[in-house]
Amino acid sequence: MTASTLADVATMADVVAPMNEEGTKATILKWGKRVGDRVRRDEPLLELETDKVTVEIPSPASGELAEILKGPDEEVLPGQLLARVRIGSDASTQGTEPAADAKSRSGGRPLLSPSVRRLLAEHEISVDEVAGTGRNGRVTAEDVLRHRDETISTSVHGAARGAADRKPDVAEAPAGPAGAGESRIPHTPIRRRIAEHMVRSLAQAPHVTTLFEADLTRVLAHRARSAGSFEGQGARLTLTAYFIAACARALRAHPQVNATFHDDALELHADANIGVGTALGNEGLIVPVLHRAQELNLFGVALRLGQLVAGARAGKLAPSDVRGGTFTISNHGVGGSLLAAPIVINQPQVAILGVGKVERRVCAVTVDGAEMIAVRSMSYLTLTIDHRAIDAFQANAFLSNVVAVLEQWPAD
């Protein structure tokens, strides 16, 4: 190697894919810079997409993007070299932003992150309509989502008309003879990852589902009394928060459900790290995790849950927000579903709770020792288990505990 070559290598900084303990593959979603562009240290260069999150990869140094080694839609492994930056002075990088970012500065507004630009385009919102709460007035993803929600609340009919006028996700098929109107939607990287994960989970674990029914009348009464005060403290009180709290308590009583199956042993976890399936529309599903849920009261659960769901839908979750889950809840009832079975287990976990739609039903109840007919708010709960790790007796005992906590929820 010549002296000039050594000198050139010495001035280069490597851009590598982030490491993680799970060895998850990722796909390059897009590059925000091109070879020859000037870059600043910590300025986003590209976006990586996994089956869990989209991650911005920053520049390791200020200078010039000298080489791109992996292009859009290419798969990469943790620690793999993606690009190289030729190190230069900070002063030489000023005033050389990409056209998309320069356009976002109109009116003196600070730069927009890729996730914010994506949200603005998705919801057809002009950046000038959004009040920025970030540093120096920068518009954040939360600002865009808040503006969207306020607009919907102000004009429900207008929002409905806007939704009807949006272009469909599937492109119209070209004109042709009758019966030739089929179209194809290429799989996104996240959809491919979900498909692989679901097939692998079903192939590895024998799935068995047990079904219980829960009376949520007391929970709904408590929510009606408490939602306002929670809202005033910055937390939206949803039914999912109650299910998380109930599961956290039951997991401590039944540690076999809060476990990982290995060929030689069942690993019991000390913390109840509860994941919550969060739909991203046609883009798929993500499972943010409430870590150490057993240490949170109902308000703490509601607050953290709201933060994670907002981050998931804004594409702003950190890798740590989707790692380390030990148990998962799938609240499919929010879409009107009464029952879903089996719900595929989120491996390497050994169980997943399914929550159906809450319905007002006529039931036989016992009051002061006397049976009577009453209308109650009922929901079907399922527990799908990995039968290698858990038997029906343990599954039923766990689900009985969850139901008891919900049905005996304190009045205050």
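Student: Where does Pro348 lie?
Tutor: Keep in mind that we're looking at a predicted model here. The peptide bond leading from Gln347 into Pro348 is cis, with omega near 10°. As for its place in the chain, Pro348 lies in the loop between E16 and E17.

Student: Which kind of peptide bond runs from Ala341 to Pro342, cis or trans?
Tutor: Pro342 is also found in the loop between E16 and E17. Omega for the bond from Ala341 is near -10°, and the bond is cis.

Student: How much accessible area does the nonpolar patch with Leu339 have together?
Tutor: The patch sits on the surface and is formed by Leu211, Leu338 and Leu339. Taken together, their accessible area is about 250 Å².

Student: What should helix H6 span, and how far apart are its end C-alpha atoms?
Tutor: Helix H6 covers residues 189-204, which is 16 residues. At 1.5 Å a residue, the helix should span 22 Å. That agrees with the model, where the end C-alpha atoms are 23 Å apart.

Student: What arc do the buried residues of H6 cover around the axis?
Tutor: The buried residues of H6 are Pro189, Ile190, Arg193, Ile194, His197 and Ser201. They're on the same side of H6, because the arc they cover around the axis is only 135°.

Student: Is Lys70 buried or exposed?
Tutor: You'll find Lys70 in the loop between strand E6 (63-68) and strand E7 (75-76). Leaving aside its neighbours within four places in sequence, Lys70 is in contact with Ile28, Trp31, Glu75, Val76, Gln80, Leu81 and Leu82. Its relative accessible area is 18%, so Lys70 is buried.

Student: How many salt bridges does the structure hold?
Tutor: Side chains of opposite charge can pair when their charged atoms come close. One of these pairs is Lys33 with Glu43, at 2.9 Å from N to O. For the whole structure, the number of salt bridges is 13.

Student: How far apart in sequence are the parts that Lys33 and Glu43 tie together?
Tutor: These two side chains meet in a salt bridge. Lys33 lies in the loop between E2 and strand E3 (38-39), while Glu43 is in the loop between E3 and E4, so the parts they tie together are apart in sequence by ten residues.

Student: What are the relative accessibility values of Lys33 and Glu43?
Tutor: The cut-off for buried is under 20%. Lys33 counts as buried at 3%. Glu43 is buried too, and its value is 11%.

Student: Which residue forms a salt bridge with Glu64?
Tutor: Glu64 is partly exposed, with a relative accessible area of 23%. In its salt bridge, the closest N and O atoms are 3.4 Å apart, and the partner is Arg38. Glu64 lies in strand E6 and its partner in strand E3, so this pair ties together parts 26 residues apart in sequence, and the name you want is Arg38.

Student: Is Arg361 buried or exposed?
Tutor: Arg361 meets Glu359 in a salt bridge, at 3.0 Å from N to O. Glu359 counts as partly exposed at 25% relative accessibility. With a relative accessible area of 16%, Arg361 is buried.

Student: What is the phi of Asp42?
Tutor: Asp42 is found in the loop between E3 and E4, and at 54% relative accessibility this residue counts as exposed. Although Asp42 is not a glycine, its phi is positive, at about 75°.

Student: What relative accessible area does Asp368 have?
Tutor: Asp368 lies in the loop between strand E18 (359-367) and strand E19 (370-386). Its phi is near 55°, a positive value in a residue other than glycine. Asp368 is exposed, with a relative accessible area of 80%.

Conventions:
Residues numbered from 1 in each chain as written. Predicted model: local features only at pLDDT ≥ 70, side-chain atom pairs only at ≥ 80, totals over all residues. Heavy atoms only, no water. Helix = DSSP H or I, 4+ residues; strand = E, 2+ residues; numbered from the N terminus. Buried < 20%, exposed > 50% of the residue type's maximum accessible area, 1.4 Å probe, protein only. Contact = heavy atoms within 4.5 Å. Patch = residues over 30% accessible without salt bridge, like charges linked within 9 Å, V, L, I, M, F, W, Y side chains within 5 Å. Areas by Shrake-Rupley, 256 points an atom, 1.4 Å probe, with all protein chains shown as cover. Salt bridge = Lys/Arg side-chain N within 4 Å of Asp/Glu carboxyl O. Expected span 1.5 Å × (residues − 1). Arc of directions from axis to C-beta.
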